[in-house]
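Here is a short briefing to read alongside the structure. Keep the viewer open and follow the residues as they come up.

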Amino acid sequence: MSLQKNYLDVPGTTIFDAEQSRKGYHLNQFCMSLMKAANRERFKADERAYLDEWAMTEDQKLAVLARDLNRCIALGGNIYFLAKIGATDGLSFQQMAGSMTGMTEEEYRDMMIAGGRSAEGNRVVGEDGNAQAQHQPQGQSHKKASA
């Protein structure tokens, strides 16, 4: 029996709930493995071979290889775990967040300093604000995840 999830109506947002946690368990465990230098070196030496050691779905592995963090989130990844991939690649969290919004690091920083995205047009799915899926890279990832 499925629970009522009113929060699914938040545009441009994937809520990391119990269902997402179950879906992304192995993906997130892979990310946590990157906390060890030896594992980061093994991953960087042969990414595909290292990923194949994990019980992740093929879609999850391809999303990691493409560094499509929005897709990883749609497939159960938690941003705090996914940050380990960015750190392995030498990226800051701000650089990662910018790439996930289709902005440069500077554009993302400036938007956040200015108070973030406006709530106008972004309160529920279906409005036409700039956080709506049709205006964001994660819109494509979300469509693939629900197909």
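**Salt bridges, core and aromatic pairs**

Glutamate 19 is partly exposed, at 43% relative accessibility. The model you are looking at is a predicted one, so please read every value below as computed from it.

- Lysine 5 sits in the segment before α1 (18-23) and glutamate 19 in helix α1, so their pairing ties together parts that are 14 residues apart in sequence.
- The count for the structure comes to eleven salt bridges.
- Arginine 109 pairs with aspartate 110, and here the closest N and O atoms are 3.1 Å apart.
- Arginine 109 is partly exposed, with a relative accessible area of 32%, and aspartate 110 is partly exposed too, with 43%.
- Shared partners link some salt bridges into one network, made up of Arg48, Asp52, Glu58 and Lys61.

**Nonpolar core**

- The largest nonpolar core holds 19 residues, and those with the most contacts inside it are Leu27, Phe30, Phe43, Val64, Leu82 and Ile85.
- Two or more residues of this core come from each of α2 (25-33), α4 (47-51), α5 (58-66), α6 (69-74), α7 (79-88) and α8 (93-101).
- If you select leucine 27 and set aside its neighbours within four places in sequence, you will find it in contact with Met56, Gln60, Val64, Cys72, Leu75, Gly76, Gly77 and Leu82.

**Aromatic pairs**

- A search of the whole structure turns up six aromatic pairs.
- In one of them, phenylalanine 30 and tyrosine 50 are tilted, with 6.0 Å from centre to centre and 55 degrees between the planes.
- Phenylalanine 30 belongs to helix α2 and tyrosine 50 to helix α4, so this pair ties together parts that are 20 residues apart in sequence.
- Phenylalanine 30 is buried at 0% relative accessibility, and tyrosine 50 is buried with a relative accessible area of 3%.
- Phe30 and Tyr50 also belong to one aromatic cluster, together with Phe43 and Trp54.

**Glutamine 29 and tryptophan 54**

- Glutamine 29 is found in helix α2 and is partly exposed, with a relative accessible area of 31%.
- Glutamine 29 and tryptophan 54 are 25 residues apart in sequence, and their C-alpha atoms are 8.5 Å apart in space.
- Tryptophan 54 is the aromatic cluster member mentioned above.

**A backbone detail at arginine 67**

- For context, most residues other than glycine have a negative phi.
- Arginine 67 is in the loop between α5 and α6, and with a relative accessible area of 24% it is partly exposed.

Terms used: Residues are numbered from 1 along each chain as its sequence is written. This is a predicted model: local features need pLDDT of at least 70, side-chain atom pairs count only at pLDDT 80 or more; totals for chains, interfaces and linings use all residues. Side-chain values use heavy atoms; hydrogens and water are left out. A nonpolar core is a set of buried Ala, Val, Leu, Ile, Met, Phe, Trp, Tyr and Cys residues joined through side-chain atoms within 4.5 Å. Buried means under 20% relative accessible area, exposed over 50%, partly exposed in between (1.4 Å probe, protein chains only). Helices (H or I, at least four residues) and strands (E, at least two) are DSSP runs, numbered from the N terminus. Contact means heavy atoms within 4.5 Å. Rings of Phe, Tyr and Trp (its six-membered ring) pair if their centres lie within 6.5 Å; planes under 30 degrees apart count as stacked, over 60 as edge-to-face and the rest as tilted. A salt bridge is a side-chain nitrogen of Lys or Arg within 4 Å of a carboxyl oxygen of Asp or Glu.
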